[in-house]
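This report goes through a few local features of the model shown below, then turns to the chain as a whole.

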Amino acid sequence: MNYIATIAEALHLGVRQVEKTIELLESGATVPFISRYRKEATGNLNEVQIAAIRDLLAKLKEVDRRRESILQSIGEQGKLMPELEKAILEARSITELEDLYLPYKPKRKTRASAAIERGLEPLADEILKQQNNNVEKLAERFVNPENEVHNTDQALAGARDIIAERVAEDITARNKVRNIFRRSAMLVSKVAKGKEEEGGKFQSWFDWSEPATKAPSHRVLAMFRGEEEGVLRVKIAPADDEPTFEALDRQFLHGNNEATQQVSLAVRDGYKRLLAPSIETEFYNQLKEKADKEAIKVFAENLRQLLLASPLGQKRILAIDPGFRTGCKCVCLDAQGNLLHNETIYPFSSVRDERESIKKLENLVEAFKIEAIAIGNGTAGRETEEVVGKCQFNTHGGKLIAVMVSENGASVYSASDVAREEFPEYDVTVRGAVSIGRRLMDPLSELVKIDPKSIGVGQYQHDVDQTLLKDSLNDVVVSCVNSVGVELNTASKELLSYVSGIGPALAANIVDYRFAEGAFTSRKELLKVPRLGEKAFEQCAGFLRVRESKNPLDHSAVHPERYALVEKMAKAVGTTVEGLMADKSLRDKIDINQFVTPDCGLPTLQDIMKELDKPGLDPRTKFEVFEFDKNVTRIEDLQEGMVLPGIVTNITAFGAFVDIGVHQDGLVHISQLANRRVNDPNEVVKLHQHVRVKVTEVDFKRRRISLSMKNVD
């Protein structure tokens, strides 16, 4: 298969763009590296386009592997005729290949294969000719008790079984039925008998029907989950079989006699028993695949926004993991996130304990010169926030902020091997509190330690294709880490492992080298790390920052392969690299067109100039403090019509969930996001966005909150 031409056509890209991208990918280059540092080669393709080329290339190679397997299997059977071989070689999809292979595919014993073993295939062949008006007489010749064919009825039934299987395996027939399913199949969901009470959460789909191809992903996944749990019975089929029978009759019936009647019976049996279930399974899988991709896309976008959330930066943090009965675990962290102190307070046991807890918090803030307080947003979070609000902190004129921080995934981290390795002498409560504090300082650096599925920003993440989900989320983490850049001398092993070209093994080697030899003094020193060769250096160097380096370009995203070019630019305006980076007037004198070469065009030169202007600029937005309404802390405090501040915690295909500080997120349905039609919630809101919402309905029994952003000032 001509991969390059096929991919270029499918993705609407230039043939040369695809060719060069594939060359780079197959040479070991990563998506972030190609996107950032090989723009001339790819024609300025972005990460999404490069990843699409990579993924489609993998699919096409999978088709070719399956093609070879099928050719070998049929060849071993001695049935690979030239016409069939040509059709297999020209097939462009797995579905097309499997249709061609179906008649030759080794299968378990079927009614048709049993009939063939009883010697009834010649009878089926005669009936298919539809030239005989006395099938009873024709069938008499095949009655043979030794073959377990005791009468003509059994002979005809066996012949029909053979014809039915041929109908079900006929490529033309399968494509006709596919087209009918595509045009008119309905997705029908019914409650399973006796599951009405048990399956209450699926009540919306107890009696549901809609065109299968128009069903939104979240509804498809909900129905399929209901079926998986035994609550629902889901079916995909045209509402009326008659159009299908008419289409199949036109293909297989070409007579008007008793033999034709037998074929007609076989066609109907073949469709209902074999063909329809096969195509239904195919459509079920297609719907599932489409729903999975859409759900994963939502999850991936949410994850991207979460990872790129605004960092507070290097501040001394007091982090609190709240709890009623077990108390609030408090940890003090230095500006690098190192644990300095931990203790537990019990502010909810009694008035006296609350006063003691307030005094302890005040002492901790003063003793460790705390600059910010991070409070976990789980159980007792708002109540802990109230206690903190009662404190009289002595900050010596500095401003102290208190921030609610998402706890999603903190418990997963605290029990992980990563946490045990970092804090072997502390229990899970201390580790969880440390994670909460570090998330405030730098969400990206901390969240990379947690399985993305556990972060809680997905839609049916446990129902979708887990391999596809893992690959997609890994792409997002890699993209985010490399877009922000990583400080080589302070990054954790987990963060380094996501840097282009590094991976877990080299990340461990870098940390070991750093521990043994001290801080890196330049990017070039990376080449001293065991097993980190020229190729890995090429891939990773531009995404790593070395603040301690004497070379200012090591602080930037300028790749070492372009250092000589920057030195040439500086020399052209009579200065050093340091001088060029410090003086904008000197940079303005540079005509980048004079520095264009065959492998370094304007896109790369423009990127270099941006980096010289703002070296190592963090693309994340500035941190903003958020506060809930202090008068609303429980769901019972809510009243319809209230307008409250909230923070977006999750975005789905059907709307956005917003935390308004009552331990239960409310839903802003997609129809309530704006005073206009919204097709994608991401058009209106982003994860962690601060919003104002109106309470439109509260179901206290089911603890469901409906919110609106329409006409809210």
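## Thr260 and its surroundings

In this predicted model, the side chain of Thr260 reaches the backbone nitrogen of Asn256, at 3.3 Å. Thr260 itself is found in helix 15, which covers residues 258–307.

Is Thr260 buried or exposed? Its relative accessible area is 7%, and the cut-off for buried is under 20%, so Thr260 counts as buried. With neighbours within four places in sequence left aside, Thr260 is in contact with Gln130, Leu253 and Gly255.

## Glu169 in helix 11

Helix 11 runs over residues 152–169 and includes Glu169. The relative accessibility of Glu169 is 13%, so this residue is also placed in the buried class.

Which residues does Glu169 contact, leaving aside its neighbours within four places in sequence? They are Asp99, Leu102, Pro103, Lys107 and Arg174.

## Helix 11 against helix 15

Two packed helices are described by the angle between their axes and by the distance between those axes. For helix 11 and helix 15, the axes come within 8 Å and cross at roughly 55°. Angles from 65 to 115 degrees would count as roughly perpendicular and those under 35 as roughly parallel, so helix 11 and helix 15 are oblique to each other. Their crossing is right-handed.

On the helix 11 side, the residues that meet helix 15 are Leu156, Arg160, Asp161, Ile163, Ala164, Glu165, Val167 and Ala168. On the helix 15 side they are Gln262, Val263, Leu265, Ala266, Val267, Asp269, Gly270, Arg273, Leu274 and Leu275. The residues of this contact divide into 11 nonpolar, two polar and five charged. An α-helix has 3.6 residues a turn, so residues three or four places apart point the same way.

## The ends of helix 1

Helix 1 covers residues 3–11. At its start, a side-chain oxygen of Asn2 comes to within 3.3 Å of the backbone nitrogen of Ile4. Just after helix 1, His12 takes a positive phi of about 55°.

## The chain as a whole

The protein chain has 29 helices and 15 strands. Its C-alpha atoms fill a box of roughly 110 × 70 × 50 Å, taken along the principal axes.

Of the 713 residues in the protein chain, 49% count as buried; Thr260 and Glu169 are among the buried residues. Where contacts join residues at least 6 apart in sequence, 65% of them are between residues at least 24 apart.

Terms used: Residues numbered from 1 in each chain as written. Predicted model: local features only at pLDDT ≥ 70, side-chain atom pairs only at ≥ 80, totals over all residues. Heavy atoms only, no water. Helix = DSSP H or I, 4+ residues; strand = E, 2+ residues; numbered from the N terminus. Buried < 20%, exposed > 50% of the residue type's maximum accessible area, 1.4 Å probe, protein only. Polar contact = N/O pair within 3.5 Å; in protein donor to acceptor, adjacent residues only side chain to side chain. Contact = heavy atoms within 4.5 Å. Axes fitted to C-alpha atoms, helices over the stretch in contact; angles between N-to-C directions. Parallel < 35°, antiparallel > 145°, perpendicular 65-115°, else oblique. Left-handed = near helix turned anticlockwise from the far one by under 90°. Nonpolar A, V, L, I, M, F, W, Y, C, P; charged D, E, K, R; others polar.
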